[in-house]
Amino acid sequence: MDQDSLIINLKGVGEKTSALFHKIGIDTVEDLISYYPRDYDVYKEPVLISGIKSDETVAVEGIIIKNIEIKKIRSLTIVTTAIKDESGALNITWYNMPFLKNAIKQGSHLILRGRINNKNGRLTMEQPQIFQLEEYKSVLKVMQPKYSLIAGITNHTITKAVKQAMEQNITVVEYLPKYIRKQFHLAEYNFAVENIHFPNNMEDLIIARNRLVFDEFFLFILAIRQLKEKKEAAINHFELFKVSDTQKLIQMLPYRLTNAQLKVWDEIEQDLIGETVMNRLVQGDVGSGKTIIAILGILMVISCGYQGAFMVPTEVLAKQQYNSITELFMLYQFPYKAVLLTGSMTAKEKREVYRQIETGGAQVIVGTHALIQEKVQYKNLALVVTDEQHRFGVRQRETLSKKGQDPHVLVMSATPIPRTLAIILYGDLDVSVIDELPAERQVIKNCVVNSGYRQTAYQFIKKEVESGRQAYIICPMVEESENIEVENVVEYAQLLKTQLPANIRIEYLHGKMKAKDKNNIMEQFGANEIQVLVSTTVVEVGVNVVNATVMMIENAERFGLAQLHQLRGRVGRGKHQSYCILVNGSDSKASKKRLEILNKSNDGFFIASEDLKLRGPGDLFGIRQSGLLEFKIGDVFTDASVLQNASEAATVILDKDRNLEMPENKRLREKIDQYMKLGLSNLSL
Ligand SMILES: Nc1ncnc2c1ncn2[C@@H]1O[C@H](COP(=O)(O)OP(=O)(O)OP(=O)(O)O)[C@@H](O)[C@H]1O
């Protein structure tokens with residue numbers, strides 16, 4: 001790493017800030033300038049307190065009328081005060097910013113700007129930015145970047161650091177050949193970087209973003225094509241053959257595999273006994289039964305004497321998959337051993353598991369990315385299943401591959417992307433589609449309601465629980481801060497307890513809980529010891545509790561449709577009639593129209609394409625379509641045309657210069673090498 005480029009060398013960035021930056025992946029100035037805003041704000045004149053409404057972001061000018069109070073709830077510090085202008089007073093709350101105690105005094109004349117929330121009937125401004133009067137004038141009406149934040153880092157800190165970086169530094173050398181920029185109408189790189197952070201106007205912002213989205217896709221596509229070239233040569237060295245265990249399992253399952261599942265299984269079986277190493281993506285809508293296909297693959301390789309690894313994105317899912325595999329082995333008396341390997345296990349537990357992996361005492365290894373740590377040595381790994389692989393870097397996948405003798409790779413995805421895009425994005429994989437749901441499934445009944453319906457929904461949940469079923473309630477996503485999200489979930493669960501009978505057990509789940517506690521709650525929910533689970537989107541992917549029949553989503557308008565579809569997919573996984581209640585917290589026609597799409601259809605592909613039609617490519621900073629396939633700035637759905645262009649550009653360049661050896665591609669070559677080293681591991685595809 002070039003020491004000069006470390007952010008600690010920027011003016012105003014000390015040890016503490018630089019440690020916090022490290023947490024969001026920023027170590028160097030280059031990292032910082034490619035930490036793009038997630039949105040922009042145009043700061044308007046302050047408004048009168050008497051006129052403000054819930055859910056809007058406004059500035060108010062007034063006098064602080066209360067000394068700061070500090071309250072601690074577990075690890076959360078809540079700082080409160082109030083501000084008053086000629087029309088009224090307003091409560092103010094900050095999270096985890098205890099240092100404000102010294103910074104804000106009763107009697108100060110300030111401008112505060114933040115989002116207004118309705119907290120049990122009282123309007124509160126949450127996590128506002130603080131401005132002196134003069135200071136506010138300088139930001140008025142200019143487009144201001146809004147960055148993703150974590151506790152301790154304010155938007156102001158990042159903005160200031162980026163400004164510093166731009167002033168002190170840097171002109172990055174353009175690496176795209178001129179003819180490519182011309183052909184695909186792309187702005188110059190430095191212009192793009194400047195304008196993505198501090199746009200002159202909307203037009204320049206669109207041009208800047210377009211270039212950076214292009215870059216992101218373009219580098220990814222070039223890297224993927226290189227991987228593909230490498231992989232095509234890989235010979236299947238494993239002695240795999242069709243086994244009776246898989247036939248036995250298929251016959252003994254309590255259900256019949258759908259034709260689509262059988263077809264995909266057949267493709268995988270053929271791959272595994274084929275001449276070359278398998279690199280296959282199995283795409284199937286939520287609940288289409290991908291897991292059993294993965295298990296069949298694993299069963300085949302272990303029956304032939306090898307090991308199989310199942311890598312999933314979260315500890316909750318690892319535990320779930322581990323439990324279902326061990327139960328299955330026990331139930332059908334397969335003499336194989338599965339082990340679980342996750343980051344939160346103690347060093348001693350891990351050592352024991354490593355030993356079993358190394359000696360071959362364990363044949364199936366289920367876990368999170370702990371599976372690819374240095375210390376894990378496999379005896380004879382023949383198959384790696386990565387569930388929802390977009391959560392892992394391609395490079396991590398590669399590392400894992402290298403641990404075995406180039407094992408077969410099976411990737412599971414529920415992302416409904418059209419085939420044309422799939423070919424570009426999964427260029428290094430063959431694609432199988434499970435395009436059919438099990439026949440016994442009943443169609444999920446949906447409704448879109450406003451918050452006035454909440455009580456009726458609770459009564460409905462009560463009725464379902466009384467007839468033996470279970471429910472999820474998803475609390476709103478809060479972009480600004482995960483802390484607020486945590487608070488929402490905890491409060492919601494407390495409030496709900498006062499609304500439902502005491503014999504209905506209600507618990508909550510959020511991303512900041514310890515892995516062990518999360519697993520505990522999920523296991524109890526799985527065993528119906530908890531009937532109602534109030535949660536953030538941590539239950540979004542993969543969670544399988546067949547007895548749950550109600551999914552209620554608060555502030556559904558804040559989620560992307562594909563994400564809502566994923567959440568809804570947590571119910572309707574068994575034979576019971578299931579329900580999805582989407583609570584629309586907004587009056588806008590647009591969000592009503594969007595949610596109606598979900599109301600109308602349970603088909604992931606249809607939903608994704610309708611959403612795209614509604615949003616259109618101009619909708620740059622709306623809700624991201626999906627939490628999946630996460631590029632840093634590009635969105636494969638709304639930026640589909642840029643993705644196509646990037647793919648075309650990659651073809652143009654590689655046709656002329658397959659190994660990027662020509663002088664005009666020298667910088668591009670360097671960039672790709674750097675990207676293959678760093679970028680791919682960060683990119684969550
Ligand atoms: N052919 C089938 N008939 C009936 N039930 C099935 C069939 N295949 C799988 N199932 C069951 O359906 C449920 C959902 O399957 P699975 O967990 O594999 O879904 P998935 O495709 O991984 O979905 P998601 O992407 O939502 O996690 C499981 O409880 C599984 O046992």
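Which residue in S5 does Ile 83 stand opposite? To find out, open the predicted model and follow the stops below.

**Stop 1: the domains**

Domain 1 takes in 1-37 and 145-170, and domain 2 covers 44-141. Domain 3 is again in two pieces, 172-233 and 648-685. Domain 4 spans 242-434, and domain 5 spans 445-615. Between the C-alpha centres of domain 2 and domain 4 the distance is 50 Å.

**Stop 2: strands S2 to S5**

Select residues 76-85, which form strand S4. Ile 83 stands opposite Leu 90 in S5, which settles the opening question. The two strands make a hairpin, with two residues between S4 and S5.

Now show strand S3, residues 69-73, which is joined to S4 by five bridges and runs antiparallel to S4. Within this pairing Lys 71 faces Ile 78 of S4. S3 and S4 also form a hairpin with two residues between the strands, and there Arg 74 has a positive phi near 45 degrees.

Strand S2, residues 57-64, pairs with S4 as well, in the antiparallel sense and over two bridges. Look for Ile 63 opposite Lys 84 in S4.

**Stop 3: helices H9 and H11**

Move to residues 244-252, helix H9, and display H11 with them. H11 covers residues 290-303. The two axes come within 8 Å and cross at roughly 145 degrees; the crossing is right-handed. Show side chains at the contact: H9 contributes Asp 245, Thr 246 and Leu 249, which meet Leu 296, Leu 299, Met 300 and Ser 303 of H11. By class, the residues of this contact are four nonpolar, two polar and one charged.

**Stop 4: the ligand**

Keep H11 on screen and select the shell around the ligand. H11 gives the most to this shell, with three residues. In total 21 residues surround the ligand, and the closest are Tyr 255, Gly 289, Lys 290, Thr 291 and Pro 438. The shell comprises seven nonpolar, ten polar and four charged residues.

**Stop 5**

Go on to domain 5, 445-615. Six strands form an open, parallel sheet in the order S16-S21-S20-S17-S19-S18. At its edges are S16 (445-450) and S18 (506-509), each pairing on one side only. From one strand to the next the twist averages 20 degrees.

Select S16 together with S21, residues 579-584: six bridges hold this parallel pair. Asn 450 stands opposite Asn 584 in S21.

**Stop 6: helices on the sheet**

H16, residues 454-466, lies across S17 (470-474), S19 (532-535), S20 (548-553) and S21. The angle between H16 and S20 is about 165 degrees. H20, residues 589-600, lies across S16 and S21 and runs at about 160 degrees to S16.

Conventions:
Residues numbered from 1 in each chain as written. Predicted model: local features only at pLDDT ≥ 70, side-chain atom pairs only at ≥ 80, totals over all residues. Pairing = 2+ DSSP bridges. Helix = DSSP H or I, 4+ residues; strand = E, 2+ residues; numbered from the N terminus. Axes fitted to C-alpha atoms, helices over the stretch in contact; angles between N-to-C directions. Contact = placed C-beta atoms within 7 Å. Near = placed C-beta within 6 Å. Nonpolar A, V, L, I, M, F, W, Y, C, P; charged D, E, K, R; others polar. Left-handed = near helix turned anticlockwise from the far one by under 90°. Domains from an automatic or database assignment.
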